[in-house]
Amino acid sequence: MTSFKIKYPIIQRYLSGPSKRRPCLSLARCRFMVAHDTGNPGSTAAANVSYYERSRNDMSSSAHVFVDDNEILECIPFLTGPAEKAYHVVYNVTTDNARYGADANDAAGGVELCYGGSINLKEAYKRYVWVMAYSCYRYGLNPATDITGHYILDPARRTDPQNALRLLGKTFTDFVDDVAAEYQDCLEEECTMRPEDANDIINTFLSPAWFNFDAQMKQALKEGRYDDAKLCLQYRDHQKHLANELRKASGQPVE
């Protein structure tokens, strides 16, 4: 089994709801991710969420997560609670339906990258890439095929996240590649055995066998039986290999 490395905290700062921005409608199934940037240079994640909260009944546009160089703020549940819909792509575009068979608002997560002003874009981008990779892990998505940009879905109206990516000298393909690499880097094998159980097997069976084969190897060398000594060496080393596999499976350092 595998788990995912949690590099950064995701902070809950849910909008009040039901409201226009947070209708509190369930997102039945996340089929893909939409990458956004705020288009508002210098505005932090906290500032964006605060604005959304103040204007929650003024307009419906929203997103699930805002990311800057210091924080990952979730304002509509997606990664920290049962997923809800966010209105981050207008309904009258058809590109999302053609690509994924559903409207983005009904079947996708939306993540906004903050940039400009005093925001350290390289640090913000690290968190942005990670949260996209984590979203793919959580919802069983393929980073290479299941991430799109807002500008791809709505090219007549939107340019994000290209605004921020250009400042980094990156293309959207570069971004997707970075998310795919982060996804692989953050996969971790879970420990499937208790350390005490692993050590009991090692001490009861493998360690005595190691000493037995070691003694036989030394005796064979003393008697000039070099083929037998070589075979005993292989058996002895195999006991160590098995012991280390048990240590890894139980989260212990190898020896």
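Which residues does F175 touch, not counting residues up to four places away in sequence? In this predicted model, F175 touches A35, Y125, Y128, V129, M132, I147 and L165, where contact means heavy atoms within 4.5 Å. A word on the ground rules: residues are numbered from 1 along each chain as its sequence is written, and side-chain values use heavy atoms, with hydrogens and water left out. Because the model is predicted, local features need pLDDT of at least 70 and side-chain atom pairs count only at pLDDT 80 or more, while totals for chains, interfaces and linings use all residues.

F175 also turns up in the largest nonpolar core, a set of 49 residues in which M33, W130 and F175 touch the most other members. A nonpolar core here is a set of buried Ala, Val, Leu, Ile, Met, Phe, Trp, Tyr and Cys residues joined through side-chain atoms within 4.5 Å; buried means under 20% relative accessible area, exposed over 50%, and partly exposed in between (1.4 Å probe, protein chains only). Two or more residues each come from β3, α1 (45-54), β4, β5, β6, α4, α6 (162-167) and α7, with helices (H or I, at least four residues) and strands (E, at least two) taken as DSSP runs numbered from the N terminus. The largest share, 11 residues, is down to α4. A second, separate core has 10 residues, including V89, Y100, A102 and A104.

On to the sheet. Six strands make an open sheet in the order β2-β5-β4-β6-β3-β7, with mixed pairing; two strands pair if DSSP finds at least two bridges between them. At the edges sit β2 and β7 (147-149), each pairing on one side only. Strands β4 (residues 65-67) and β5 (residues 72-74) pair in the antiparallel sense over three bridges, and V67 has I72 in β5 as its bridge partner.

Then come the helices. Lying across β3, β4, β5, β6 (108-113) and β7 is helix α4 (residues 121-138), which runs at about 170° to β6. Helix α7 (residues 172-186) packs on the sheet too, touching β3 and β7, and its direction makes about 150° with that of β7. (Axes are lines fitted to C-alpha atoms, for helices over the stretch in contact, and angles run from 0 to 180 degrees between N-to-C directions.) The two helices α4 and α7 pack at an angle of about 65°, their axes 8 Å apart. That makes α4 roughly perpendicular to α7, given that angles under 35 degrees count as roughly parallel, over 145 as roughly antiparallel, 65 to 115 as roughly perpendicular and the rest as oblique. Among the residues that meet here are Y128 and W130 in α4, and F175 and V179 in α7. Elsewhere, helix α8 (residues 195-222) and helix α9 (residues 226-249) pack at about 165°, with axes 8 Å apart, so α8 and α9 are roughly antiparallel to each other.
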